[in-house]
Amino acid sequence: MSRQSNRAGDPRKVNGELFTLTYGALVAQLVKDYENDEDVNRQLEKMGYNMGIRLIEDFLARSNVGRCHDFRETADVISKAGFKMYLGITPVVSNWSPAGDEFSLLIENNPLTEFVELPEGHNALNYSNILCGALKGCLEMVQMDVDVRIVQDQLKGDSITEIRLKFIKRLEDALPAGED
Amino acid sequence: PLGKGRPEVNIATFALLFSEIVQYCQNRVYTVPELQNKLSELGYHVGSHLLDLFFLREKGYKREIKLLNMLLFVKSNLWKTLFGKEADKLEHANDDERTYYIIEKEPLVNKFISVPKDKGSLNCAAFTAGILEAILNGANFPAKVTVHWHKGTTFMIKFDESVIAR
């Protein structure tokens with residue numbers, strides 16, 4: 001069992017359990033600080049958004065991903081490159097809408113929710129809501145306005161965690177004055 | 001469930017999360033010491049959950065009962081598992097047998113935080129101090145852990161009388 005402690009860590013990685021528990025401590029604090037679950041959800045989304053708008057730069061710099069030509073390509077990049085790189089998992093992309101503007105990410109082993117049980121009376125809490133914020137933030141920085149929601153949650157007894165992404169519109173570049 | 005073992009996440013993910021946490025705490029407090037307390041509380045929460053995980057997995061259910069062994073466990077195993085390396089130094093204070101220091105030149109949580117000039121004393125490793133304190137207390141070595149800027153970051157561990165007496 002000492003195998004783990006004898007190995008030097010990869011300097012680009014941190015212990016996933018430290019991450020999971022740190023996130024847990026944050027959520028527990030928010031639950032204490034706010035009166036209702038909706039406010040906690042909003043706060044988590046906001047923090048995720050802030051993370052997302054910074055994360056995308058790191059992502060674009062480290063991966064050789066060019067511009068995505070359609071939403072399907074975007075979905076692939078999010079699951080196979082984005083989630084893989086930052087959380088070490090690859091969610092399944094599925095449930096496409098006929099118009100191709102909506103899909104789901106199915107997550108089986110959500111690293112955020114390891115060891116987690118929702119306390120009684122917090123049925124409205126979307127524990128992993130930070131992911132929604134992060135996705136929204138990232139996509140906004142590449143000019144996509146996307147609605148991101150958790151529609152199924154393993155913590156609430158669903159068999160899988162499902163995040164639904166719906167493309168709303170392409171954001172126009174706001175160019176600084178004097179440039180075009 | 002205990003999980004399979006050693007999942008890892010990108011350091012950037014953790015860094016951004018931690019920086020959000022620091023900002024969130026900062027918005028709800030007025031002074032640097034308050035902020036450090038807040039971070040330490042959050043760390044304590046993390047530490048108390050880590051403790052069982054550690055003893056189950058790394059030590060095969062055995063807990064340390066000797067103070068020195070416990071400290072060495074913290075310096076090497078705990079540090080390695082959490083931060084990928086041993087802590088730089090473990091020292092015993094000359095003038096006080098209750099006080100030990102763990103010295104770390106560049107703690108993980110400080111790597112990404114630039115301290116604003118007007119808050120010079122801020123040390124986000126208070127978070128790590130909280131983890132440490134929870135683990136020591138949980139293992140029945142009651143102690144107070146504080147964080148200081150000295151040769152990098154120093155965690156000052158001050159044990160209860162009862163720990164030294166036994």
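Before you start, residues are numbered from 1 along each chain as its sequence is written, and chains are lettered from A in the order in which they are written. Because the model is predicted, local features need pLDDT of at least 70, side-chain atom pairs count only at pLDDT 80 or more, totals for chains, interfaces and linings use all residues, and side-chain values use heavy atoms, with hydrogens and water left out.

**Stop 1: the sheet of chain A**

Select the strands of chain A. Four of them form an open antiparallel sheet in the order 2-3-5-4. Here helices (H or I, at least four residues) and strands (E, at least two) are DSSP runs numbered from the N terminus, and two strands pair if DSSP finds at least two bridges between them. Strand 2 (92-94) and strand 4 (144-152) of chain A have a single partner strand each, so one side of each is left without a neighbour in the sheet. On average, neighbouring strands are turned by 25 degrees against each other, direction ignored; axes are lines fitted to C-alpha atoms, for helices over the stretch in contact, and angles run from 0 to 180 degrees between N-to-C directions.

Next, colour strand 4 and strand 5 (residues 161-170) of chain A, an antiparallel pair joined over eight bridges. Look for A:Q152, which stands opposite A:E162 in strand 5.

**Stop 2: where the chains meet**

Show both chains together. In this interface, 41 residues of chain B are in contact with 40 residues of chain A. The buried area is about 4100 Å², with 62% from carbon and sulfur atoms; that is the accessible area (1.4 Å probe) that two parts lose on being put together, summed over both.

Zoom in on B:R28 and A:D33, whose side chains meet in a salt bridge (3.4 Å, N to O). The count between the two chains is one such bridge, defined as a side-chain nitrogen of Lys or Arg within 4 Å of a carboxyl oxygen of Asp or Glu.

Select helix 1 (11-26) of chain B, which gives the most to the side of chain B that touches chain A, with eleven residues.

Then pick strand 1 (residues 13-15) of chain A and strand 1 of chain B, which pair in the antiparallel sense over three bridges. One bridge partner pair to find is A:K13 and B:N10.

**Stop 3: the sheet of chain B**

Move to chain B, where an open sheet of four strands has the order 2-3-5-4 with antiparallel pairing. Its edge strands are strand 2 and strand 4 (143-149), each pairing on one side only. Six bridges join strand 3 to strand 5 (residues 153-159) of chain B, and B:Y100 stands opposite B:I157 in strand 5. Helix 3 of chain B lies across strand 2, strand 3 and strand 5, at about 15 degrees to strand 3.

**Last stop: B:D96**

Finish in the loop between strand 2 (89-92) and strand 3 (99-104) of chain B, where B:D96 is found. Its side chain makes polar contacts with the side chains of B:T99 (2.7 Å) and B:K158 (2.9 Å). A polar contact is a pair of N or O atoms within 3.5 Å; within protein, one must be able to donate a hydrogen and the other to accept it, and residues adjacent in sequence count only if both atoms are side-chain atoms.

How values were computed:
Contact means heavy atoms within 4.5 Å.
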